[in-house]
Amino acid sequence: MSINLKSPVFAGNPIKSKTPKPTDPFSHTQAFETLKNLISNKTHDQDSSLTIKILPLSKGKPLAGSTGEKWHLGWFSFDEFKDVFVGSEVNLSEDMFVYLGYENGVVYWGIDVSLLGESLVREFGAKQLCFVQLTTLMVATDWSDEDAMGQLAIAGHARAILEWHITSRYCGSCGEKLIPIEAGRRKQCTDESCKKKIYPRIDPVVIMLVIDKENDRALFSKMGRFVPRMWACLSGFLEPGESLEEAVRRETMEETGIEVGEVVYHSSQPWPAGPSSMPCQLMVGFLAYASSFEITVDKKELEDAEWISREDVKRSLTFTEYGKAQKTAASKVDQICKGVEIGQNLAADFSVESGELVPMFVPGPFAIAHHLISSWAHQFRFTFGPARSGLAAVVSVLEVVGSTIQD
């Protein structure tokens, strides 16, 4: 089974697709002025014409609701959010908000409400809204639903930027306090002699499927934190002073003792679902071709590593029911929002298999690893819609040219 997505999970954010001009009322500069006026009750005529939606997050968890089979983000209008905020011990300030983007005349903001405590949780709970782990929402998302995928991308962006604000409180140059600027899109040192601007942190990670061409097999790794029988690609952080290709070769050698020759770029994926200390990783995916084949596992990094044949990989993809897992997770989100206490670490407690027990399975379609593996197993280059369509067009042209030459 191959799964074709329009864009990688957490990419394709619908409210970040356009950059408005600074004078546009939907731009971050103008929208921030409108927000300030609304908070201070100094509204102007142009302010009332601007529609604002606010997404609260708490401890990295976006606010969400559910209709049973499908979850949705818990958006508030400005007036609704201000009413919820009344009576709290924290004064509402424009610097608490971060600009997320705009679409169809609506400006979207994110805000961290972790400091407001249980009273706000109860307030949202009465509306059957709850704070849900981003990874839980990720597994519960129907990847064939474009709107749901867009909602997940928005939630991921909001978590990444707000967690970056929480972890970046002081200037790395002089130690003074940092304050938000540009509607929360940047931060700046408060020391007049420093004034250093700080940009959101992005941690690049290479992730690679290492292939043995001659024997038609690929290298898979297993880690202790994985679900039993789950195998995935090798991966590792980029180090200063090395290229992406060098990082692929170094990580593969360090973890498995395998030497890599050719390295071919496949695709990339933003990953805002990691720890708060690294709120947005960028996964850069490669197909890497082995030039040696004897595995020596670094037990500090991996539990195990094995060469697995293409046929066994295809079999695991065939017998893995990712749709079933998605529906199970969506049901759990619905129960959480209705106040049922359920653990939100779903990695180990949903079934992804059909009736036949398979010796291995790989990460689901929400992970770039799945698409690296699937593209190799099924012998096509891309699993994301636009890229694959473009390749198909090129292939079609070449076929026409080839037939013309033969004629």
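# A tour of the predicted model

Select Trp109 to begin: this residue is buried, with a relative accessible area of 0%. The model is a predicted one, and every stop below refers to it.

**Stop 1: the aromatic rings**

Which elements does the pair connect? Phe32 belongs to helix H1 (residues 28-39) and Trp109 to strand E6 (residues 106-112), so the contact ties together parts that lie 77 residues apart in sequence. Phe32 has 15% relative accessibility and counts as buried, because the cut-off for buried is under 20%.

Next select Phe76 and Phe81. These two rings make an edge-to-face pair, with 6.5 Å from centre to centre and 70° between the planes. Phe76 is buried at 5% relative accessibility, and Phe81 is buried with a relative accessible area of 1%.

Now widen the selection to Phe32, Phe76, Phe81, Phe97, Tyr99, Trp109, Phe124 and Phe131, which form one aromatic cluster. Over the whole model the count is 12 aromatic pairs.

**Stop 2: a charge over a ring**

Go to Tyr289 and show Lys213 with it. The charged end of Lys213 sits over the ring of Tyr289, at 4.6 Å from the ring centre.

**Stop 3: a contact across the sequence**

Select Gly125, which is found in helix H4 (residues 118-125). Gly125 has 35% relative accessibility and counts as partly exposed.

**Stop 4**

To centre the view on the second largest pocket, select Asn13, Lys16, Leu100, His157 and Ile161, the lining residues that lie nearest its centre. The volume of this pocket is about 810 Å³, and its lining comprises 36 residues.

Colour the secondary structure next. The elements giving two or more residues to the lining of the second largest pocket are H1, strand E5 (97-103), helix H6 (146-167) and strand E15 (281-290). Which element gives the most to this lining? Helix H6 does, with 6 residues. Coloured by class, the lining of the second largest pocket shows 19 nonpolar, 11 polar and 6 charged residues.

**Stop 5: the enclosed cavity**

Select Val9, Met138, Thr141, Trp143, Met149, Leu152, Pro365 and Phe366, the residues that line the largest cavity. The space inside the largest cavity is about 40 Å³. The model has 1 cavity of 30 Å³ or more. What classes of residue make up the lining of the largest cavity? It divides into 7 nonpolar, 1 polar and no charged.

**Stop 6: the salt bridges**

Side chains of opposite charge can pair when their charged atoms come close.

Take Asp212 and Arg217 to start. Their side chains meet in a salt bridge at 2.6 Å, N to O. Is Asp212 buried or exposed? At 0% relative accessibility, Asp212 counts as buried, whereas Arg217 is partly exposed, with a relative accessible area of 23%.

Move to Arg185 and Glu182. The salt bridge between their side chains has an N to O distance of 3.4 Å. Arg185 is partly exposed, with a relative accessible area of 25%, and Glu182 is also partly exposed, at 26% relative accessibility.

Then select Glu254 and Arg250. Their side chains form a salt bridge of 3.3 Å, N to O. Both residues lie in helix H7 (residues 244-256), 4 residues apart, about one turn of the helix. Glu254 is partly exposed at 42% relative accessibility, while Arg250 has a relative accessible area of 16% and is buried.

Together, Glu239, Glu242, Arg250, Glu251 and Glu254 are linked in a network of salt bridges.

Methods: Residues numbered from 1 in each chain as written. Predicted model: local features only at pLDDT ≥ 70, side-chain atom pairs only at ≥ 80, totals over all residues. Heavy atoms only, no water. 1 Å grid on protein atoms, 1.4 Å probe; cavity = no way out; pocket = protein on both sides within 12 Å on 5 of 7 lines; lining within 4 Å. Points joined across faces, edges and corners; volume = space filled by probe spheres on them. Nonpolar A, V, L, I, M, F, W, Y, C, P; charged D, E, K, R; others polar. Phe/Tyr/Trp six-rings, centres within 6.5 Å; stacked < 30°, edge-to-face > 60°. Buried < 20%, exposed > 50% of the residue type's maximum accessible area, 1.4 Å probe, protein only. Lys NZ or Arg CZ within 6 Å of the ring centre and 35° of its normal. Salt bridge = Lys/Arg side-chain N within 4 Å of Asp/Glu carboxyl O.
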